[in-house]
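Please look through the structure shown here before reading on. The paragraphs that follow go through it part by part.

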Amino acid sequence: MKDSQARTIYLKDYQAPDYLVDHTDLSFELDPHATLVKSRLKIRRNPAVAQANETLPPLWLDGVDLELLSVSVNGELLPVQRYEQRAGGLSVSIDTPEFELEVETRIAPEANTSLEGLYLSNGMYCTQCEAEGFRKITFYPDRPDVMSVFTTTIIAPATYPVLLSNGNKLDSGITEDGRLSVTWEDPFAKPSYLFALVAGDLQHVEDSFTTCSGREVKLQLFTEARNIGKCAHAMTSLKHSMRWDEEVYGREYDLDIFMIVAVDHFNMGAMENKGLNIFNSACVLASPETATDAAFQRIESIVAHEYFHNWSGNRVTCRDWFQLSLKEGFTVFRDAEFSADMNSRAVKRIEDVTLLRTSQFAEDAGPMSHPVRPDSYMEISNFYTLTVYEKGAEVVRMIHTIMGPEAFRRGSDLYFDRHDGCAVTCEDFVAAMEDANGADLKQFRRWYSQAGTPVLDVEDGYDEALGEYSLTIRQQTPETPGQKDKLPLHIPVTIGLLAEDGRPLPLDASGQTEAVLHLTEASQTFTFSGIASRPLPSLLRGFSAPVKLRYDYSSAQLQFLMQHDTDSFNRWDACQRLSLNSLQSLQQQYRAGEALQQPTALIEGYAAVLDDETLDPALVAKMLALPSAQELAEQGGEIDAAAIIVARTFARDAIAAALAERFLSRYRALEQHKPYSPTAEDIAERSLKNTCLSYLCAAGSAEALALAKVQFERGENMTDAAAALAALVEFGTEAQAEEFLEAFYQQWQQDTQVVETWFGLQSGSAKYGTLERVQKLIAHPAFEVKNPNKVRAVIAGYTMRNFTQFHREDGTGYIFLADQVIALDKLNPQIAARLVTPLTRWKKYRAQESAQIHAALQKISDSGELSRDLYEVVSKSLEQD
Ligand code: ZN
C-alpha cells in the first residue's frame, strides 16, 4: 500500500499564518474543460508574527490539481525564479510586507469527480470548499485562520442564466462576446472554506423574513425546474430557524439575502457557505408524495443546522481544523434543541442517542477513535465524524446541563461577542462559558482531549434504620489508539428516585425530585436522606452524558420504570434495556446450542406499552423497535453475527405472534385518511401504525400482507407507501416483492429522491437484499457510481444497514465491499474512505469473520496507490494487528 503524500499533521505544530489576506477579488470564466480563474489578493505580513528588521518569509499558497498560468506582484509579471511550484502548492518569494498578488489558473470542472472544489452536477456548476477544497480552485492560503472579504465575478454563456456567489449582488451585465457577467460582494470577512459559486439554468422560490430589528431579508431556494414543487418545507424550516435563533440565542441574520441551492451530487448533507448554502437535494427537497416523515424531519434539522452556522461557524469560525467540533458540536447541539422545540423532545433525544450508541460508540472503540478535538490527522476529510459532530454536541449539552440554561446563554453571548469576526479554538468556547459565569470547567476540558466511551458502574445501598439511600458510581474510560491512561472526567449524571408506588421522591429539603450528580472522581458515593423505603433509581436521565451506564436492573424493575418514570427518555431506555437483556439471553442460548426460550418478560413489557393509551404513539413506536443488529454488535464482547441475527429474528417473530391482536387493533385505530402534514402528532401516529404493520406482516398471515398491499396501493403519502412496500419486500413472497417493487419503480422512476428510497429498500432488506441483488442494482440504469447518494443507497445500504446479508458466511460480502472501495477511490476518495468503515471493525468479530474481514482490508491495501483519505483509514485499521 502506498500513498504519494502521506503525512501527519499535529495540533501541537500550529503556527499563525505568515501573511493575511484583506481582500480577495476572484473572476471565473466558466467552461467545463477549461475554466479560467483569476485572483487578485491584497496581502500583508501578519503583524502578530512579524519581527523588527526581518527578512520576509516566502508566501505559501495551497493549490492542488491546478494549471498555473501566471503570477504577478503589484502589477508586474513575476519571473519564474521568484516562485516555485511544489506538491500541494506554490511558494513565492516576497520583498515587501504589503502587496497585491495576481494569479491565473485553469481548471477542468467536468473532470472533477471528487466533488470538492468546482465541479458539475447535472450540468450545473457548483463548489464545495470545506475543508480544503478551495485549493482546487486557485492558489490561496487555504486555512480557516486567514479571513478575507471576497468579491466574485462569474462569466458564463447565456445557457447559465443564474450565477450566484456569497453576499450581495453588486452588478450584472453582458460581455462583448455575449456572455453573462455577474459580480457579488460579501462584506463579512471569511475563510476560503466558506466560499461558494453556483451557475446553472435554475428556477427559484422566494420568500422573506423580517428580523428582530425589523430588517427585511430576501430568502431564495434554487433548484432545477423539475423540483420546484418540492421547496415549501425547506422554506418554512428556514423561517422557523431564523426566528428560533433570535429567540433562543439572540442571533439575528446579517446579510440582506439568504440563498439555498439544491444539487444532486454532494458528498455530505449540506454546506453553510456564507449567504449561499449548498444542499444535497435529498436534504432539502420534499413533497408529501415523494418524501417520508423521516426525510421531512431531516430536512428541517439540516436547514436549521446550516442556518445556525451563520453565527456558530461563520461569524465565529475555527482557527484550524483540529477545532472542527467548535463549530460542528455546538451547531449540532443547537439544531437538536431546535428540532426538540419544534417536535417531540423525547423522540428527538431517543433518535440522537440511538445514533450515538450504535455508531459513535463503535467509532470510539475502533481504530479511528479520536477525541472530540483530535490532535493529529493525515486527511482532515476523515474527521467529519460522529465523534466530532455528535459526541461534540453531547459535550456542549453537558456544559448546558452543568451550568443551567441561563448561565449557558450568558456564556454563548460572551462567546459570540468576544470572538465575532475571529477564528478561534474550543478552548475559547469553554473559557467564555467560564468567564461569563465565574465557573470552573478545568476538569471538564478533558472531554475535548480524551477519546473513548466512559463506562459507569453503579451500585446502590439502602440503610433502613437511617432512612439513607446511596449511589456509588465508578467511572473508567477504556484505552484507545495512542491514549493508554485515562483520567477521570467531570460527568453530569441526572437522576431521580422512584418510591414503591411509582411516585418521584424528593431528593433534598427543597423537595426537588431530580438532581444532577457531579461525578468527578474515579469512584464517588452520593447519599440521600429522609428516604422511607428502598427506592428504584432512574439513572442518567435524558442521557445526561455520552457514557455506557451499567446497573443491575431486574426485568420487573425495568417494567416498573417503563410505566412510572417521569422522564420519557428513561421510560424508553428501560424498555431498551429489557430488549437488550432478552436479546442477549437468546444469543447465549443459541451459542450454547440450546433451544431458544420465549422472551416472556419482553413480550409482557411490550404488551403493557401497547395497552397504555396515554403514551405518545411516537414513544410507543420507539419502545417497540428492537435494538438494531448494529447496536447489538456494540454491546461488548466478541461479535457473533449469526447469533445476533438468529436472536433478533426469533424475538421479533415471538413478539409478532404473541401480540398480533394488539398490533391489529392499534393499526386500525391509527389509520388516518386525512391530508398529509408533517406535524409531530401526525408523524407519531404514522410511526406507530407502521410499526404495527411491520410486526403484523412479520407474523406472516395473508391478511396482514393484504393490509400492507392496500396501504401501498392507496399510496396516500410516501411514509405510508414506503413502509408498506418495505413490509411487503421483507415478509411477502419473492414474487410479491418483485411485483410491488416494479410497480413502484414504474411510478417513480423520474424522481431522483424516490429512486434512492427504492434502492435503499432493496439493498437494506434482510431477506430480499442479497449480494446478488445488490450487484444487479449496481448494474441498474438508475445507478450512478459518481453520485454519492446512489452509492450510499445501494452499497452502504447493503454494507452498513443490512447486517444479515453483508455478514453472509462465505465472506463474499466483505470482498464485494473491498472491490467497491478500490474502484470508488479513483473517483471520490472521501466517499471511498467512509464506505470502508465496516471493514475497519475486523478485530471485534469471531475468528472466522475476523479473518475474512481482515483479508478484504488487505486486498484494498494491496491494490496499489490509495488516496490519502483511504490510506489513512486502511493503514490505521491494519495497524491493530
Ligand atoms: Zn455543520
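A residue is called buried under 20% relative accessible area, exposed over 50% and partly exposed in between, with a 1.4 Å probe and protein chains only. Helices (H or I, at least four residues) and strands (E, at least two) are DSSP runs numbered from the N terminus. The model is predicted, so local features need pLDDT of at least 70 and side-chain atom pairs count only at pLDDT 80 or more, while totals for chains, interfaces and linings use all residues. Residues are numbered from 1 along each chain as its sequence is written, and side-chain values use heavy atoms, with hydrogens and water left out.

Helix H7 (residues 426-435) is mostly covered, with 7 of its 10 residues buried. These are Cys-426, Phe-429, Val-430, Ala-431, Ala-432, Met-433 and Glu-434. Their cover includes H3, helix H5 (386-403), helix H6 (405-419) and helix H8 (446-449); contact here means heavy atoms within 4.5 Å.

Helix H3 (residues 324-342) also meets helix H1 (residues 232-249): their axes come within 11 Å and cross at roughly 105 degrees. Axes are lines fitted to C-alpha atoms, for helices over the stretch in contact, and angles run from 0 to 180 degrees between N-to-C directions. H1 and H3 are therefore roughly perpendicular, a label for 65 to 115 degrees; under 35 is roughly parallel, over 145 roughly antiparallel, and the rest oblique. On the H1 side the contact includes Ser-237, His-240 and Trp-244, and on the H3 side Phe-330, Arg-334 and Glu-337 are among the residues involved.

His-305 in helix H2 (residues 293-308) and Glu-328 in helix H3 are 23 residues apart, and the pair links distant parts of the chain. His-305 counts as buried at 8% relative accessibility, and Glu-328 does so at 1%.

Pro-371 is found in the loop between helix H4 (345-364) and strand E23 (376-377). With a relative accessible area of 5%, Pro-371 is buried. Leaving out residues up to four places away in sequence, Pro-371 touches Thr-387, Tyr-448, Ser-449, Gln-450, Ala-451 and Gln-483.
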